[in-house]
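Me: I'd like to learn how to read individual residues in a model like this one. Could you walk me through a few?

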Amino acid sequence: MARISTMNSVLRKVSVAAAASGLLYLCRDSDSKTMVSISVPAQFREPLLRPWQIAQDIIHRSSFLSQGDASQSGNLPPIFSRIGPVPSADVNKEAFGKVGDGVKPSCGFLGRDSIANAAAMVGPAVVNISVPQGFNGMTIGKSIGSGTIIDPDGTILTCAHVVVDFHGLNDSSKGKVDVTLQDGRSFQGTVLNADLHSDIAIVKIKSSTPLPTAKLGTSSMLRPGDWVIALGCPLSLQNTVTAGIVSCVDRNSNDLGLGGMRREYLQSDCAINAGNSGGPLVNIDGEVVGVNIMKVLAADGLAFAVPIDSVSTIIEHFKKNGRVIRPWLGLKMIDLNDMLAAQLKEKDAKFPDLNRGILVPMVTPGSPGDLAGFHPGDVVTEFDGKPVVSIKEVVEIMGDRAGIPLKVVVIRANNIRATLTVVPVEVSPVM
């Protein structure tokens, strides 16, 4: 009787909702029996059917138990065990997969286990790096940082300032560092490469047993507001996980008051402290999207990481040249857009009739750009025969081609077109 009452209650609720939407129909058959017909749109069917499906599952299990299998008692499926919509059966299998199964957490929504699963995928590959500090052969302390094993051969990605000083390898370490894994194993590592400009370094360890590794993702798809996770050893507290969101995807070094050549960073609000340097910034799919390198000391929630796309390019330079080669033109450049072009045109009627390109507001005297004939106010539209609209495109085209002549097309005042030949020079790594 109670079951019939419950079903009638559910039916009344569905009928009221359907009637409000004009979806309720009455009809009478030849036997004078009244029938209710409800047409429910597709998007509402699953939520309405789910209680019946759960009820049927419970009834099925109860029937199964009534046959005498008491071992199944208490194993009814949990309901509302996640935050957000109840996923499909396939998504459930992914979300609850065991760590190490190679299964990704569900990316359709942020569930109860999403952050924990992502951290579990990368965590075993995060290491603690300890480097002796001292001078004149005397050790006076240790530098502590983090790193990530990115290759089964023992290649570890970390920060340059963790393993080297401003002038090169630390006197006390002689290029050797102590590496401790999450599972307790310890190794002596060797610093293979370090780029002070980007603050990225590679350390290598050798192991006779398998090493856990982390997968490198892509940073180009990140958007402000995306969830990210920081792993590392802040204040020497190994195996620490913090979470936050991406605050900015293209924070440049000028915004932070850092001199030298332009660099871009990912900004997040993950909790970052001393010892996190070199640790991975991870997306919700358990992929490394950045390398944490610094935070603002006087503020909370202002942490910065080198985008993994830039790191991948640096690693390729290491493999190809043993160092990062950065061609330098001596030009200050700004991406031109509609608003900036309109403002410049309003100030100077001679400004080119362009709203896309790369504006050159300043040329360093004696630089390759100056020798090539660049003038302040030029707008670059082609570089090495390719149309360009952003600084990033110019950097990608130059690559590591220092000393190689490149043709550049610029548009000047009164829409005068000029073709210049510039020969980039390799810049010092500390610029």
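This is a predicted model: local features need pLDDT of at least 70, side-chain atom pairs count only at pLDDT 80 or more; totals for chains, interfaces and linings use all residues.

Me: Where does Asp-226 sit, and what does its side chain reach?

Reply: Asp-226 belongs to the loop between strand 11 (215-216) and strand 12 (227-232). Its side chain reaches the backbone nitrogen of Arg-223 at 2.8 Å.

Me: How do I read accessibility: why does Ser-268 count as buried?

Reply: Buried means under 20% relative accessible area. Ser-268 has 3% relative accessibility, so it counts as buried. Asp-226, at 21%, is partly exposed.

Me: And what surrounds Ser-268?

Reply: Ser-268 is part of strand 14 (residues 264-268). Its contacts beyond four places in sequence include Val-228, Ile-245, Val-246, Leu-281 and Gly-301. A polar atom of the Ser-268 side chain lies 3.4 Å from the backbone nitrogen of Cys-270.

Me: Which side chain does Lys-407 join in a polar contact?

Reply: Look for N or O atoms within 3.5 Å. The side chains of Lys-407 and Thr-421 are joined at 2.9 Å. Lys-407 lies in strand 23 (residues 406-412), and its C-alpha atom is 6.8 Å from that of Gly-385, 22 residues apart along the chain.

Technical notes. Residues are numbered from 1 along each chain as its sequence is written. Side-chain values use heavy atoms; hydrogens and water are left out. Helices (H or I, at least four residues) and strands (E, at least two) are DSSP runs, numbered from the N terminus. Buried means under 20% relative accessible area, exposed over 50%, partly exposed in between (1.4 Å probe, protein chains only). A polar contact is a pair of N or O atoms within 3.5 Å; within protein, one must be able to donate a hydrogen and the other to accept it, and residues adjacent in sequence count only if both atoms are side-chain atoms. Contact means heavy atoms within 4.5 Å.
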